[in-house]
Amino acid sequence: MFTKTGLTTHILLCTGIFATVLVAKAGDLAIKKDYPLEKLTAHVYVIHGPNEEVNKTNQGFRNNPVLVETRDGIVVIDPGSSLYTGEMIVNKARSLSKKPIIAVFDTHDHGDHWLGNHGIKKHYEKVTIYAHESARTSIASDEGKMWVKALNDQSGGQIAGTKVVVPNEVVKDGDRIRLGGITFRIYHPGKAHSVDDIMIEIEEEKVFVFGDVLRDKNLSLFMASYKGNLAALDIGEKSGASIFVPGHGKSGGKAVIDEYRQFINDLLGEVRKHFAAGLSDFEMTPKVVTALAKYKGWSGFEENIGKLINLAYLEVESDSF
Ligand SMILES: [Zn+2]
């Protein structure tokens with residue numbers, strides 16, 4: 001027989017309400033590690049997130065949020081993967097300035113880059129959140145909710161409580177958005193890392209933020225077009241910027257672009273060679289993996305190289321028609 005308290009607990013457990021109460025103690029999920037804000041130029045800062053796949057220890061945080069100090073307030077590019085990364089950025093912004101966060105740019109629709117919108121919006125209701133129109137459409141669809149679930153599952157529940165906050169302003173290729181005396185030049189390269197990438201040149205600072213079009217020693221899964229990605233790397237390189245910020249890994253000069261371009265060229269070169277010799281996707285995979293052994297230390301190699309070869313095969317095959 002249940003005591004009154006025991007019965008209540010039983011009912012709570014059976015209905016799932018108890019679990020909801022536990023999840024509601026979300027303060028426990030604040031980002032635990034202190035990730036430094038690194039100064040790139042007079043007004044541009046970056047937090048280099050862990051160059052890893054999503055896991056419980058990194059609490060789902062793995063990208064490179066950028067903070068730009070303008071005359072009117074802080075502008076954020078890619079606020080990370082959760083309510084909690086967004087709030088971490090709010091704290092960093094407050095360490096830089098008494099002014100509010102006035103704008104956010106989401107570089108594409110992958111949840112590790114934009115789910116942090118929630119943490120910014122929670123503290124700055126009036127913030128303008130920019131994205132490419134197709135990224136906004138994707139985030140507003142079931143795809144947005146899928147990202148919450150996927151990242152929560154992969155991080156062992158570390159983003160629980162995070163909600164989809166949809167961008168409220170769209171940008172297109174060629175836009176030059178002036179915020180607090182700083183110019184944010186928008187590039188949309190078409191199909192590259194995804195179908196809805198924007199890349200952002202912070203003109204006065206000579207900084208080019210690539211989103212996931214550029215990765216440093218990182219082989220995350222997604223790739224919409226290798227050829228499109230190579231063309232997009234060229235756009236950044238020719239922009240006149242001298243500091244390049246990748247979506248994952250460390251920022252740097254032209255060498256960061258060269259290294260990633262070399263990986264794509266090596267991968268495509270191997271796949272084209274074996275395709276020309278009549279090998280199937282399945283037959284060529286172990287040979288290509290061996291040929292790309294020098295990239296084994298890159299984050300995500302083990303998990304994703306097979307799929308990346310498969311995507312390259314499909315692109316090479318479709319080019320052959
Ligand atoms: Zn991505």
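1. The buried residues of H10 pack against H9 and H11, where packing is judged by contact, that is, heavy atoms within 4.5 Å. Helices (H or I, at least four residues) and strands (E, at least two) are DSSP runs, numbered from the N terminus. The buried positions in H10 are Asp281, Met284, Thr285 and Val288, with buried meaning under 20% relative accessible area, exposed over 50% and partly exposed in between (1.4 Å probe, protein chains only). Seen down the axis of H10, these buried residues fall within an arc of 125°, so they line one face of the helix; the arc is that of the directions from the helix axis to the C-beta atoms. Phe282 and Thr290, on the other side of H10, are exposed.

2. The model is predicted, so local features need pLDDT of at least 70 and side-chain atom pairs count only at pLDDT 80 or more, whereas totals for chains, interfaces and linings use all residues. Residues are numbered from 1 along each chain as its sequence is written, and side-chain values use heavy atoms, with hydrogens and water left out.

3. The largest nonpolar core has 36 residues, and Phe210, Leu233, Phe263, Leu267 and Val271 have the most contacts inside it; such a core is a set of buried Ala, Val, Leu, Ile, Met, Phe, Trp, Tyr and Cys residues joined through side-chain atoms within 4.5 Å. Two or more residues each come from H8, helix H9 (254-276), helix H10 (281-291) and helix H11 (301-319), and H9 gives the most, with eight residues. Leaving aside residues up to four places away in sequence, phenylalanine 263 touches Leu219, Leu292, Tyr295, Trp298 and Ile305. A second, separate core of 23 residues includes Tyr45, Ile74, Leu83 and Ala160.

4. The zinc ion has His108 (NE2), His110 (ND1), His193 (NE2) and Asp212 (OD) as its protein donors, at 2.2 to 2.3 Å; donors are N, O and S atoms within 2.8 Å of the metal (3.2 Å for Na, K and Ca), and water is not among the atoms, so sites may look incomplete. Histidine 108 lies in the loop between strand E5 (101-105) and helix H4 (111-114) and aspartate 212 in the loop between strand E11 (207-209) and helix H8 (226-237), so the pair ties together parts that are 104 residues apart in sequence. Histidine 108 is buried at 0% relative accessibility, and aspartate 212 is also buried, at 2%.

5. Seven strands form an open sheet of mixed pairing, in the order E1-E2-E3-E4-E5-E6-E7, where two strands pair if DSSP finds at least two bridges between them. The edge strands, each pairing on one side only, are strand E1 (38-39) and strand E7 (169-171).
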